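I opened the model today to look up a few side chains and their surroundings. My entries follow in the order I made them.

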Amino acid sequence: MTVTQSEPVASGAAGQLPTKVRDCGTAPPHPRPAGRDRYTISEVAEHTGLSAHTLRWYERIGLMPHVDRTHTGQRRFTNRDLDWLSLVTKLRLTGMPVADMVRYAELVRAGESTFAEREQLLTAHREDVRQRIAELQGTLDVLDYKIDIYADARRASERF
């Protein structure tokens, strides 16, 4: 079972998240080849911007589900794995600790009985993100204020 199989479906095709949620409103760095659902680690690294080392580490610590392998032992990632990595990348971008992401992955693999705990984990993290956004907005306000002071001073000096 892949990590995202037991995720609830908000809308869209059965078994898929809505396009807006799946893509998070941004295009991937490199589009997926049409009609393909098997990717090498180097193709996934190019697509996601993550290094092969990071991808192996994610698998080793349990952040990635079991990745299929060829008869020669090469990893073969699926579109579902790419969707999961997109989510993981977004969670990392928000500052979620790796331990929390691993816990979330474990909960997803455990199935529907963990919906409440997943919701709680994500809700708590969302509050942390909102607090950081508020702090950054305050910092941005200070920068805007200082920039306005210097712009006004520059304009005043140009008049003379």
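I started at R36. The model is predicted, and in it R36 comes out partly exposed, with a relative accessible area of 32%. I then looked for its partner. R36 forms a salt bridge with E43. The closest N and O atoms of the pair are 2.9 Å apart. E43 is partly exposed as well, at a relative accessible area of 28%.

The mean pLDDT of the protein is 86. I noted that 79% of its residues reach 70 or more. Residues 1-16 have pLDDT below 50. That stretch still has 34 contacts in the model beyond near neighbours in sequence.

Then I took the overall layout. I counted six helices and two strands. From the N terminus, the order is α-α-α-β-β-α-α-α. Of the 160 residues, 28% count as buried. The protein exposes about 10600 Å², and carbon and sulfur atoms supply 56% of that area. I also looked at contacts between residues at least 6 apart in sequence: 56% of them join residues at least 24 apart.

Back to salt bridges. How many does the count come to? I get eight salt bridges. I went through several of them.

In helix α5, residues 98-110, I looked at R103 and E106. They form a salt bridge, with the closest N and O atoms 3.5 Å apart. The two are three residues apart in the helix, so about one helical turn separates them. R103 is partly exposed at 33% relative accessibility. E106 is partly exposed at 38%.

In helix α6 I found another pair, R154 and E158. Their closest N and O atoms are 3.3 Å apart, and they form a salt bridge. They sit four residues apart, which means a separation of about one helical turn. R154 counts as partly exposed at 44%. Is E158 buried or exposed? E158 is exposed, because its relative accessible area of 54% is over the 50% cut-off.

I also noted a network: E59, R69 and R75 are linked by salt bridges.

I stayed on helix α6, which covers residues 115-158. R118 lies in this helix. I wanted to know how much of R118 is covered. R118 has a relative accessible area of 3%, so it counts as buried under the 20% cut-off. What does its side chain reach? The R118 side chain reaches the backbone oxygen of G111 at 2.7 Å.

Further along helix α6 I came to R132. R132 is partly exposed, at 33% relative accessibility. I set aside its neighbours within four places in sequence and listed its contacts: T94 and G95. R132 and G95 are 37 residues apart in sequence. In space, their C-alpha atoms are 9.6 Å apart.

My last stop was L140, also in helix α6. L140 counts as partly exposed at 40% relative accessibility. Which residues make the nonpolar surface patch here? L140, L143 and I147 make it, and the patch is about 280 Å².

Conventions. Residues are numbered from 1 along each chain as its sequence is written. This is a predicted model: local features need pLDDT of at least 70, side-chain atom pairs count only at pLDDT 80 or more; totals for chains, interfaces and linings use all residues. Side-chain values use heavy atoms; hydrogens and water are left out. pLDDT is the predictor's confidence in each residue, from 0 to 100. Contact means heavy atoms within 4.5 Å. Buried means under 20% relative accessible area, exposed over 50%, partly exposed in between (1.4 Å probe, protein chains only). Accessible areas come from the Shrake-Rupley method with a 1.4 Å probe; for residues, only the protein chains shown count as cover. A polar contact is a pair of N or O atoms within 3.5 Å; within protein, one must be able to donate a hydrogen and the other to accept it, and residues adjacent in sequence count only if both atoms are side-chain atoms. Patches are made of residues with over 30% relative accessible area and no salt bridge: like charges are joined within 9 Å, nonpolar side chains (Val, Leu, Ile, Met, Phe, Trp, Tyr) within 5 Å. A salt bridge is a side-chain nitrogen of Lys or Arg within 4 Å of a carboxyl oxygen of Asp or Glu.
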